[in-house]
Each structure stands twice: as structure tokens, then as C-alpha cells.
Amino acid sequence: MKHAALLGTGSYLPGKILSNNDLEKIVDTSDEWITSRTGISTRRIAGKGEENFHLASRAAEKALTMAGLAAGDIDLILVATLTPHMMMPSCACFVQAEIGADNAFAYDLNAACSGFLYGLDLADSYIARQPDMKILLIGSETLSAHINWQDRNTCILFGDGAGAVVLSGSDSRGVLSSKLFSDGRLWNLLYMDSPESLNPDIRQENWQGCYMQMSGRDVFKFAVRSMEDAVSKLLTKENLTIDDITLVIPHQANVRILNKLMERLAIPPDKVYVNVGQYGNTSAASIPIALDEVNRQESLQEGDKVLFCSFGGGFTWGALLMQW
Ligand code: UT7
């Protein structure tokens, strides 16, 4: 059976950089507090002409160039996002029009920060059925549009950006295995309301605007536990140990979460890719941006095993193994 393998990767980060010092002028915080609690120094913020589908399209074009394909060669566009600039049509349909992928069908999927991993798993299922399919999978977010800039608990954490991959079937490379999970009972630890409902009868009682709301400490603890559990279950399922893994590319939320994860799973730090310091948490975009950076460094060899893990609102979490 063929598996979804990378033909190309791309990423796009908006030009505007928001530093911790800039944030000190907006809310009661400090560079020292943010750096020591999160490891984040800067994040990118979308500006004029940089709506979600623009970021997604620029990343997609780079991935297509690397793959040596034209937009018209793509059969399916999947965009993992929780911040589409419209409720309808989907961000994926806007991307289709923007890049001219006239032969593709297109839709979004929302699994919060785990969206890209869920998307890889989904793409792999399509490819199992139709190995020649060319799939453009994008993780793209404009979280800056959904942040309460007076809330120091959240506004320091998030950033905007997009990462994309082009996938098609391969016998020797690609997605090998995955373990995905959700628990909707924990929704209220991390959520973002919809725009205020026009129907007052179904409007949320305590609606406070469509901003990110978060119980930071609970999310932190859950993130470490859930990713540890998903990675352990996946390794057990595949009869592998951490020694068999060349590189771990985790969801980039907080350096302290990643340090705890490495400690609990005894992963040497040089096996974990970390760029959260530069971009903050870009939700569904964080893994594909990191993956594009890794790919362009050309440090991985054929046959290497790359492990991805993520957690996010829902809760959603999981781990996925890819052969390079
Ligand atoms: O993709 C998933 C997205 N979410 C996450 O990954 C979030 C996971 N959680 C975290 O990363 C951490 O919980 C935070 C970085 C959000 C917070 O760190 P913490 O060590 O859990 O701090 P805390 O919330 O317990 O707050 C400690 C203190 C509080 O003051 P008091 O009550 O002790 O006086 C907060 O009010 O720090 C205060 N505080 C701040 N101080 C300066 C909270 N935010 C800030 C801030 N600057 N930005």
C-alpha cells in the first residue's frame, strides 16, 4: 500500500515582527516574564493584504515550486485552520481561487493546534485509496485577529503564519502510522467563541467576544501528559523506541512544555526541533512551518524516522510517524 509522502514544503510568515519589548507597551508584562515562562521572544503579525488565505497561498506556492508541480496538478486542497477570515466559504476555497488550482476540490478542517497532524492522517487515507492523488495540505492561522490584546495571559503566546506540504503516494516514504485522540469534555479549558450570534436565543450566555480564552496552567499540564501518552502509545504500537527516531517535530506552544516532554520521554534535546522562540504559537501552522525549515536544511537522510506530536483546543492531540 502506498503512503502519503512529501513532494515539497513551503512556509510564509508575515513581515511584521512583534517583540516582547513591544508587548510591554501594550499590557502589564515584561520580556523577562515572557521569555522565562514561554521561551518566546518574537512573533509575526499579519498586516494589510495578509488575510489567512493569503498566508496559506504564499506557503502553498513555495511547496508547489519545490514539488515541481503547477497549481492545476493538485486534486485536493485541505486547510487546517481555526481562524478562517470568513465562516463560509472555506479558507481552502479561497486558496484554490488565489493560486488557480482549478482541478482541485477544497475544504477546511478544524482540530485546533492538532489540525495539521489530523490533516496528514486524512491525506494518507485518501492516498491509500487513490495513490496518484496530489494533495496540498496547509496549516495556516491569523490568530492575531482573535486575540484580546488586553489579556496578558494569551496575547503574549500567539503568532500568525502558514506552512504547506504537497503529498502523493510512495512505497518507501511517507506517513507510517498515527495515534490521534480527542476529548470534547475539556472544551472550556481552551476555546474561542464564534462571532456573536444574531439569534439571541442561542447566543452564549457569557459571550465575551470571539477571543481566545484559556486556563493556562490546566492546558500546560494536559499538553505534557497528552503528548507523552500519544508518543508512548505510537512507539509501542510500532515496536520502536526513541532511539529509532531521528527527529521529533512537536507543536510549538511553549519551550517549557517541550522541555518537560523531553524529560519525561528521555528524548535528547538535539533530537527535538524548536522554533517557538521566533514565531510564538501559530496553532495549526506551527508543525508545517517547522517541517519546511527542517526540509530546507537538508539534514535528514532517506529512511530517517520523523515523529510529530501535538495538542490543542477540543482537546485534540496525537502523534504521527513519517519515514523520510
Ligand atoms: O496550543 C495551546 C495553547 N496554549 C498553551 O500552550 C498554554 C499553556 N500554558 C502556558 O504556557 C502557561 O500556563 C502560561 C505561559 C500561559 C502561564 O505561565 P504560568 O507559569 O502557568 O503562569 P500562571 O498563569 O500561573 O500565572 C503566574 C502569575 C500570575 O500572577 P499572580 O496571580 O501569581 O500574582 C499571573 O497573573 O503570572 C501572572 N501573569 C503574567 N505576568 C506578567 C500571567 N501572564 C503574565 C504576563 N506577564 N504576560
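User: Of the 23 residues around the ligand, which come nearest?

Analyst: This is a predicted model, in which local features need pLDDT of at least 70, side-chain atom pairs count only at pLDDT 80 or more, and totals for chains, interfaces and linings use all residues. Residues are numbered from 1 along each chain as its sequence is written, and side-chain values use heavy atoms, with hydrogens and water left out. Among the 23 residues around the ligand, the nearest are Thr29, Arg37, Arg217, Asn254 and Asn281.

User: How far is an oxygen atom of the ligand from an N or O atom in the side chain of Asn254?

Analyst: A polar contact here is a pair of N or O atoms within 3.5 Å. A ligand nitrogen lies 2.9 Å from a polar backbone atom of Gly216, and a ligand oxygen lies 3.2 Å from a side-chain N or O atom of His251. For the side chain of Asn254, the distance from a ligand oxygen to an N or O atom is 2.7 Å.

User: Which helix supplies the largest share of the shell around the ligand?

Analyst: Helices are DSSP runs of H or I with at least four residues, strands are runs of E with at least two, and both are numbered from the N terminus. Helix 2 (31-38), helix 6 (216-237) and helix 7 (255-265) each give at least two residues to the shell. The largest share, 4 residues, belongs to helix 6.

User: How many residues of the shell around the ligand are charged?

Analyst: Asp, Glu, Lys and Arg count as charged; Ala, Val, Leu, Ile, Met, Phe, Trp, Tyr, Cys and Pro count as nonpolar; and the others, Gly among them, count as polar. By this division the shell holds 11 nonpolar and 7 polar residues, and the number of charged residues is 5.

User: What is the phi of Asn239?

Analyst: Asn239 is in the loop between helix 6 and strand 11 (247-250). Most residues other than glycine have a negative phi. Asn239 has a positive phi, near 55°.

Terms used
Near = heavy atom within 4 Å. Polar contact = N/O pair within 3.5 Å; in protein donor to acceptor, adjacent residues only side chain to side chain.
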